[in-house]
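Subject: Structure handover

Hello,

Here is the structure for you to look over. My notes follow below it.

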Amino acid sequence: MYVKYNFEYEQRIRAGFIGCGGHSYRNIYPTFQYAPIELVAVCDFDKKRAETYKSMFGAKSAYDDHIEMLDKESLDAVFVVTNYENNIPRYPKLAIDIMNAGCHVWIEKPPASSVKEVQDMIDVSEKTGKFVMVGFKKVFFTAISKAKEIISSKEFGNPASIYVRYPQSIPDFRDRENPAKMHGFLDHIGHPASILHYLMGKTKSVYFQREAFNGGTIAVLTFLNGAIGCLHLCAGQSGTSPLERVEVIGSGCNLVVENGVKLTYYRRGERGPGGYGRSSNYIGKDESAPIYWEPEFSLGQLYNKGIFMLGYAPEIIYFSECVLANRPPEKCNLETALEVTKLYEAYKNPDGTEIKIN
Ligand SMILES: NC(=O)c1ccc[n+]([C@@H]2O[C@H](COP(=O)([O-])OP(=O)(O)OC[C@H]3O[C@@H](n4cnc5c(N)ncnc54)[C@H](O)[C@@H]3O)[C@@H](O)[C@H]2O)c1
């Protein structure tokens with residue numbers, strides 16, 4: 001897509017920002033260069049940090065109390081990128097304050113630590129007419145967006161099965177109600193779970209087994225649409241390894257996204273002629289040859305910047321455009337948060353039991 005620079009937009013949303021920490025500095029504030037956003041106010045418990053971010057990212061005011069910011073400023077939307085309080089995400093409480101103050105909200109992941117908290121946000125969203133979008137960036141990865149387009153095509157057929165690999169451990173069953181021990185799992189499960197939800201829809205049931213060495217798991221999922229999936233949380237892999245692999249199988253074709261960026265589409269087709277035991281050539285016809293994409297890293301382009309490839313700028317542009325149009329987001333909304341959090345809660349069950357999700 002053609003990307004406008006911030007100052008080229010005729011209309012911009014008036015935005016506040018809660019959280020002046022590490023992730024927002026690296027990956028979220030910088031995306032505002034490419035989105036229709038006028039950053040009006042920033043807020044952090046640490047006022048000095050808020051003042052620094054105010055100057056650095058061109059806001060007009062800095063606060064150390066979000067209620068004061070919401071009272072004093074006239075805002076269309078508020079971005080929230082905060083840390084945990086006693087291992088529980090702060091997003092539900094902040095999002096509810098913001099919606100009640102009349103603004104739309106963008107929150108980072110994980111949106112909540114329980115289905116009940118997501119339901120509370122849904123209730124306030126319905127009451128106030130304000131919406132919440134969650135930063136499930138992987139839905140906006142260039143390669144995952146293209147994968148969605150391919151698997152939605154007639155040519156691909158029904159996406160019948162999916163494999164997603166992501167390195168993450170889960171504690172032993174007896175520790176799964178302990179927020180401190182579940183912190184890492186809660187922090188990361190939204191990454192693979194949002195890909196599963198985006199590509200395959202709602203999960204019907206899940207069954208998993210855990211290995212005793214690193215806490216890795218392999219889960220079998222069924223989806224409401226009749227498809228099946230495997231979520232391999234491959235704890236224990238090397239820190240030098242790429243993290244992810246996604247594969248979707250259709251009808252006579254499949255695709256693979258390797259390392260989040262390399263996408264191969266194996267179109268419907270045959271290997272070279274000759275038949276089994278007689279073919280000397282593995283290369284088939286050009287018109288059915290696999291299609292392969294990876295970014296080039298020579299040009300000073302936007303597509304080879306991490307904030308675009310990893311979905312950060314696209315998700316913020318999408319949210320800002322939803323706010324400008326007063327149109328609730330279809331992607332990464334509270335329904336997505338609900339499905340991701342249902343899967344999180346399912347993993348609190350004992351290994352080896354089939355858990356019904358929907
Ligand atoms: N999507 C991704 O790729 C990705 C990557 C890293 C982190 N994250 C998420 O981003 C969030 C922040 O992570 P981080 O590493 O930047 O944390 P951090 O601790 O560096 O920053 C959080 C900041 O929020 C401030 N804060 C917390 N509650 C506040 C409140 N109520 N009012 C004002 N300020 C408040 C803290 O003072 C702190 O400065 C987490 O939810 C994390 O899971 C996402």
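Let me start at the ligand. A nitrogen atom of the ligand sits 3.2 Å from a backbone N or O atom of phenylalanine 45. Keep in mind that this is a predicted model.

At lysine 109, a polar backbone atom is 2.9 Å from an oxygen atom of the ligand. At tyrosine 312, an N or O atom of the side chain is 2.7 Å from an oxygen atom of the ligand. On its own, the ligand has 860 Å² of accessible area, and the protein covers 81% of that. There are 21 residues around the ligand. His23, Asp44, Tyr91, Asp187 and Tyr312 come nearest.

The peptide bond that joins lysine 109 to proline 110 is cis, with omega of about -10°. Proline 110 belongs to the loop between strand S7 (104-107) and helix H5 (115-128). In general, most peptide bonds are trans.

Now the overall fold. The protein has 10 helices and 17 strands. Its radius of gyration is 22 Å, close to the 21 Å from the globule rule for 358 residues, so the protein is as compact as a globular protein of that length. The C-alpha trace spans about 75 × 50 × 40 Å along the principal axes.

Look for phenylalanine 17 opposite phenylalanine 79 in S4.

Another open sheet has 9 strands and mixed pairing. The order is S16-S15-S14-S13-S9-S12-S11-S10-S17. Its edge strands are strand S16 (291-293) and strand S17 (355-356), and each of them pairs on one side only. S17 is antiparallel to strand S10 (residues 203-210), with 2 bridges between them. There, serine 205 stands opposite lysine 356 in S17.

Helix H6 (residues 142-151) touches strand S13 (245-249), strand S14 (254-258), strand S15 (262-266) and S16. The direction of H6 makes about 175° with that of S14. Helix H7 (residues 179-200) touches strand S9 (161-166), strand S11 (217-223), strand S12 (228-233) and S13. The direction of H7 makes about 160° with that of S9.

Threonine 203 stands opposite phenylalanine 223 in S11. S10 and S11 form a hairpin with 6 residues between them. In the turn, glycine 215 has a positive phi of about 80°.

Which residue has a positive phi although it is not a glycine? Asparagine 259 does, at about 60°. Asparagine 259 is found in the loop between S14 and S15. Most residues other than glycine have a negative phi.

Best wishes

Methods
Residues numbered from 1 in each chain as written. Predicted model: local features only at pLDDT ≥ 70, side-chain atom pairs only at ≥ 80, totals over all residues. Heavy atoms only, no water. Pairing = 2+ DSSP bridges. Helix = DSSP H or I, 4+ residues; strand = E, 2+ residues; numbered from the N terminus. Contact = heavy atoms within 4.5 Å. Axes fitted to C-alpha atoms, helices over the stretch in contact; angles between N-to-C directions. Near = heavy atom within 4 Å. Polar contact = N/O pair within 3.5 Å; in protein donor to acceptor, adjacent residues only side chain to side chain. Areas by Shrake-Rupley, 256 points an atom, 1.4 Å probe, with all protein chains shown as cover. Rg over C-alpha atoms; globule rule 2.2 N^0.38 Å.
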